[in-house]
Amino acid sequence: MQSQQEKCKYTDSSTHSRRAFLGLTAGGVTIGLIPGCASTGSVRQDAQEIPDWTYENIPSQRGRRVIVTGANGYPQEDRSGLGYHQALGLARAGADVTIASRNRVRGEEAVRQMRTEFPDATVRFETLDLANLESVSSFAARMRASGNRIDLLINNAGVMGRLNREESVDGYERVFATNALGPFALTAQLLPLLRNGRDARVVWTSSLRGHAAELKFDDLQQERVYDYQRAYDDTKLANLLLAFECERRSRASGWGVTSVVAHPGVARTNLVLDGPGPDSMEGWRFRNIRFMWQDPAQGALPALYAGTSLQAEGGAYYGPKGFQHLRGLPGVATPPVASQDEAVAANLWATLERLGRVSFM
């Protein structure tokens, strides 16, 4: 009889086969996992586990100036956005929070609901479309005009690919522009404020789906062959590469900015419905395998741990430590091997500086 260890082996290296084997969803792995096997996004076996950490453990954020991108996904029916809960949790802890998204109506309603839940919240909305480099520059200019420092930037906003390829106003593939290029350009333009921050941190958002990715620099925009799943997966690997490279450059250049990355596991947000839609494979799972999708308020915790915990480390990767590492309280996650390639990270960094017309100074 085949042993459990042998069952857990996986040798097919193709992206398509990995995706089929893992049964990936927008947030991570859902079906296809053999009970008892750790997924490719499992917690490191040699890492010290994090004690249970919840919203009550967020240190005081009083006096801290915070930006959370996205965060307009206020609760509707049985779902909500991760950024909404991140922003609300930070506001409850005393932070001065700016939520930044492209939809003003939804953003202002999110602020209203946060203040309803927590009347003392210091939270405001600013327009930011990460898929529009002019919007990114305008937002960064407003932030510079409104103060001389930022203490925490959570690059939370993101989209999943739709069934057909779409382009941003700048002519880039929509998912790449929103999930990778936009956050990179934003971080670059906010770096002077972050360097003035107190215990300044940047939190990047990845996914277990980054394990199924393989960046192809000769077709980053998927102009030759478009696959909506790969479009998303590649940006999540890109975010890991950028997070680790940002930490290396910060240490080497003395920026004084800590770079950390987190993933939410599988959370019940609007990502699938606004991406491939309810009739996609992910949409079917969203409707029919409800037990796999955790509450977004819990899915927001790994990023909050990365952004606020005194024990969080620069260059670390955090995600849920519960069932198959898809849900539960924050733990230490294992990044894919591909995210550790410093040459690829440097190439990606230079490519995004060129495409985004920015430089980290």
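Mentor: Before we start, two strands pair if DSSP finds at least two bridges between them, and strands (E, at least two residues) and helices (H or I, at least four) are DSSP runs numbered from the N terminus. This is a predicted model, where local features need pLDDT of at least 70, side-chain atom pairs count only at pLDDT 80 or more, and totals for chains, interfaces and linings use all residues. Residues are numbered from 1 along each chain as its sequence is written, and side-chain values use heavy atoms, with hydrogens and water left out.

Trainee: Which residue in β3 does Ser101 stand opposite?
Mentor: Start with β2, residues 96-101, which runs parallel to β3 and is joined to it by six bridges. Ser101 has its opposite number in β3, and that residue is Thr127.

Trainee: In what order do the eight strands of the open sheet come?
Mentor: The edge strands are β3 (122-127) and β8 (330-332), each pairing on one side only. The pairing in this open sheet is mixed, and the order of its eight strands is β3-β2-β1-β4-β5-β6-β7-β8.

Trainee: What is the bridge partner of Tyr318 in β8?
Mentor: Come at it from β6, which runs parallel to β7 with two bridges between them; there, Ala262 has Tyr318 of β7 as its bridge partner. On the β8 side, β7 pairs in the antiparallel sense over three bridges. Over in β8, the partner of Tyr318 is Val332.

Trainee: What angle does the direction of α6 make with that of β4?
Mentor: Angles here run from 0 to 180 degrees between N-to-C directions, with axes fitted to C-alpha atoms, for helices over the stretch in contact. Helix α6 (residues 174-195) packs on the sheet and touches β1 (65-69), β4 (152-155) and β5 (201-205), contact meaning heavy atoms within 4.5 Å. Its direction against that of β4 comes to about 180°.

Trainee: Are α6 and α12 roughly parallel or roughly perpendicular to each other?
Mentor: The axes of α6 and α12 (residues 342-356) come within 9 Å and cross at roughly 90°. The contact includes Phe176 and Phe184 of α6 and Trp349 of α12. Under 35 degrees counts as roughly parallel, over 145 as roughly antiparallel, 65 to 115 as roughly perpendicular and the rest as oblique. The two helices are therefore roughly perpendicular.

Trainee: What is the volume of the largest pocket?
Mentor: On a 1 Å grid over the protein atoms alone, a pocket is an open set of points with protein on both sides within 12 Å along at least five of seven lines, a cavity is a set where a 1.4 Å probe fits but cannot get out, and lining residues have an atom within 4 Å of a point. Points are joined across faces, edges and corners, and a volume is the space filled by probe spheres set on them. Of the 45 residues lining the largest pocket, Ala157, Gly158, Val159, Leu271 and Asp274 are the closest to its centre. Its volume is about 890 Å³.

Trainee: Which helix gives the largest share of the lining of the largest cavity?
Mentor: There are three cavities of 30 Å³ or more, and the largest holds about 80 Å³ of space. Among its 13 lining residues, Phe176, Leu215, Leu220, Asp234 and Thr235 are the closest to its centre. The largest share, five residues, comes from helix α7.
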